[in-house]
Amino acid sequence: MFREINVAGFVLKNGWVFCQITFLIYMIILAVMDIKRRQVHLGFLLSGIIWVILSVICERTVSTGEIIAGILAGAFFLLISKLTKESFGYGDSILIVIMGAFLGFWSLMSVLFMAFFMAGLFSVIMLLKTKFHKKEDVVEKNISEDITIKETQEFLTGNLSGTQELPKQ
């Protein structure tokens, strides 16, 4: 026979897993919004703070020191956004602050490493595929949570200001 599913009991017993799953859904929604509209509503972006607060209730296994370090890593990206006049957008940096507060420093570093690695790999493939044609020929595509190929290509080619063209062959 079928057993009655006790949702509240599941959430209480597996709180941290439940919080991680709902945070993943939040991240997927943000990615879809960014891909479709090329922008994310600030109110929805800041709603990630709810997951940070819930994660305390969910008995997460991340230490307070890791959380503070994760927030500081996000603050570093906010500084980068300011210094580069939003070559790396404020929305991306705010999301990194929220992710740092939710995941902690080491998990955040893992996520960022994978995102930058995938973006870099895709950029190299696109640069080789387009044989270093004009910048306009390079396809822009989001890899994950607001980290774009264009930003990575500009970083790899040393063109953070966005004013130089890629070398022609």
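This is a predicted model: local features need pLDDT of at least 70, side-chain atom pairs count only at pLDDT 80 or more; totals for chains, interfaces and linings use all residues.
**Overview. The protein chain is built from eight helices and two strands.** Read from the N terminus, the elements follow the order α-α-α-α-α-α-α-β-β-α. Of the 169 residues in the protein chain, 36% count as buried, and the chain exposes about 10,900 Å², of which carbon and sulfur atoms supply 69%. Among the contacts with a separation of 6 or more, 67% are accounted for by residues 24 or more positions apart.

**Close-up 1. Helix α4 has a buried side and an exposed side.** In this helix, which covers residues 48-57, the buried residues are G48, W51, V52 and S55. They lie on the same side of α4, because the arc that they cover around the axis is only 105°. An α-helix has 3.6 residues a turn, so residues three or four places apart point the same way. On the other side of α4, the residues I53, V56 and I57 are exposed. The buried residues of α4 pack against three other helices, namely α2 (15-37), α3 (42-46) and α6 (90-103). After α4 comes E59, which has a positive phi, near 55°.

**Close-up 2. F23 and F102 form a stacked aromatic pair.** A search of the whole structure finds seven aromatic pairs, and in this one the rings are 4.0 Å apart, centre to centre, with 10° between the planes. The pair links distant parts of the chain, since F23 belongs to helix α2 and F102 to helix α6, 79 residues apart. Both residues count as buried, F23 at 5% relative accessibility and F102 at 0%. Ring pairs also join F23 and F102 with Y26, F44 and W51 into a cluster, and W51 is one of the buried residues of α4.

**Close-up 3. F76 and F77 form an edge-to-face pair.** A pair of aromatic rings is described by the distance of the centres and the angle of the planes. For F76 and F77, the centres are 6.0 Å apart and the planes lie at 80°, an angle over 60 degrees, so the pair counts as edge-to-face. F77 counts as buried, with a relative accessibility of 12%.

Close-up 4. F113 counts as exposed because its relative accessible area is 54%, and the cut-off for exposed residues is over 50%.

Conventions
Residues are numbered from 1 along each chain as its sequence is written. Side-chain values use heavy atoms; hydrogens and water are left out. Buried means under 20% relative accessible area, exposed over 50%, partly exposed in between (1.4 Å probe, protein chains only). Helices (H or I, at least four residues) and strands (E, at least two) are DSSP runs, numbered from the N terminus. The arc is that of the directions from the helix axis to the C-beta atoms. Contact means heavy atoms within 4.5 Å. Accessible areas come from the Shrake-Rupley method with a 1.4 Å probe; for residues, only the protein chains shown count as cover. Rings of Phe, Tyr and Trp (its six-membered ring) pair if their centres lie within 6.5 Å; planes under 30 degrees apart count as stacked, over 60 as edge-to-face and the rest as tilted.
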